[in-house]
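Got your viewer open and ready? Let's take a walk through this one, stop by stop, picking something new to select each time.

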Amino acid sequence: GPEGCERESQQLIVRENNLNLKAEETDYYIVDIENVDSYLGLRFDLLAVKTKHDGKDRTTPPKKLAIMELKYSDDSVDSGESSLENHFIDLSNFLTDETKYFELKAQIRYLFNLKCELGIINKPDVKNDFVIKENDLAEKPEYIIIFANYNVNDLKQNQNLYNLLIKIRNKYPLVFDKMD
């Protein structure tokens with residue numbers, strides 16, 4: 001079913017960014033999928049960290065948190081509990097709780113460092129200490145929406161998506177102030 005396809009897409013994103021032969025050419029390390037905060041009642045599809053690299057050289061440890069939302073299929077954008085607008089409601093609530101945001105950064109830092117140590121994330125062959133330190137991830141985080149199996153050729157659908165994003169932009173300015 002659709003949920004299985006979304007999970008498969010998440011796994012593909014992880015493999016392409018963390019383990020694939022060309023993973024060194026990407027900007028993101030995926031650290032966690034289906035991350036749940038039961039206190040706030042929200043779920044993040046993918047949590048990642050962004051590194052700055054020059055070509056194939058990812059020798060600088062990641063400094064930026066990225067929260068990714070995967071929308072799989074045309075219907076997933078504006079219908080049901082997992083609509084795009086509902087995700088922005090959750091994100092807005094999350095960003096108002098500084099403690100939860102701090103805890104998420106600490107969790108991501110721990111998971112990234114552990115996965116590097118265990119070899120689950122292919123880190124570059126560097127002599128420096130390739131870890132995220134306590135004061136890292138201080139840059140403004142990113143929120144990335146990934147569309148998979150989405151009909152980009154349907155003009156009406158694209159206009160509806162554009163209108164929805166404008167509505168979200170106007171309704172949830174906090175998210176856009178605190179995130180790229």
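Start by selecting Phe-176: at 28% relative accessibility it counts as partly exposed, where buried means under 20% relative accessible area, exposed over 50% and partly exposed in between, with a 1.4 Å probe and protein chains only. Before you click on, note that this is a predicted model, in which local features need pLDDT of at least 70, side-chain atom pairs count only at pLDDT 80 or more, and totals for chains, interfaces and linings use all residues. Residues are numbered from 1 along each chain as its sequence is written, and side-chain values use heavy atoms, with hydrogens and water left out.

How are the rings of Phe-88 and Phe-176 arranged? Their centres are 5.7 Å apart and their planes are at 10°, so the pair is stacked. For the terms: rings of Phe, Tyr and Trp (its six-membered ring) pair if their centres lie within 6.5 Å, and planes under 30 degrees apart count as stacked, over 60 as edge-to-face and the rest as tilted. Phe-88 belongs to helix α2 and Phe-176 to helix α5 (residues 173-178), so the pair ties together parts that are 88 residues apart in sequence. Helices (H or I, at least four residues) and strands (E, at least two) are DSSP runs, numbered from the N terminus.

Keep Phe-88 and bring in Tyr-143. By the ring rule, the count comes to seven aromatic pairs. In this one the ring centres of Phe-88 and Tyr-143 are 5.2 Å apart with planes at 75°, so the pair is edge-to-face. Phe-88 sits in α2 (residues 84-95) and Tyr-143 in strand β4, so parts 55 residues apart in sequence are tied together. For another aromatic stop, select Tyr-29, Phe-112 and Phe-130, which form one cluster.

Next, show the whole of α2. Its buried residues are Leu-84, Glu-85, His-87, Phe-88, Leu-91, Ser-92, Phe-94 and Leu-95. What covers them includes β2, β3, α3, β4, α4 (155-171) and α5, with contact meaning heavy atoms within 4.5 Å.

Time for the sheet. Four strands form an open sheet in the order β1-β2-β3-β4, with mixed pairing; two strands pair if DSSP finds at least two bridges between them. β1 (28-37) and β4 (142-148) stand at the edges with a single partner strand each, so one side of each has no neighbour in the sheet. Seven bridges join β3 (residues 64-72) to β4, and these two run parallel. Zoom in on Tyr-72 and you'll find it opposite Ala-148 in β4. Helix α3 (residues 98-118) packs on the sheet, touching β1, β2 (42-50) and β3, and its direction makes about 130° with that of β1. Axes here are lines fitted to C-alpha atoms, for helices over the stretch in contact, and angles run from 0 to 180 degrees between N-to-C directions.

Hop over to Asn-18, in helix α1 (residues 2-19). Asn-18 is buried, with a relative accessible area of 3%. Leaving out residues up to four places away in sequence, Asn-18 touches Ala-23, Tyr-28, Tyr-29, Ile-30, Ile-121 and Asn-122.

Two last stops concern the backbone. Most residues other than glycine have a negative phi. Glu-34, not a glycine, has a positive phi of about 55°, and lies in β1. Leu-137 also has a positive phi, about 65°, without being a glycine. Look for Leu-137 in the loop between α3 and β4, buried with a relative accessible area of 0%.
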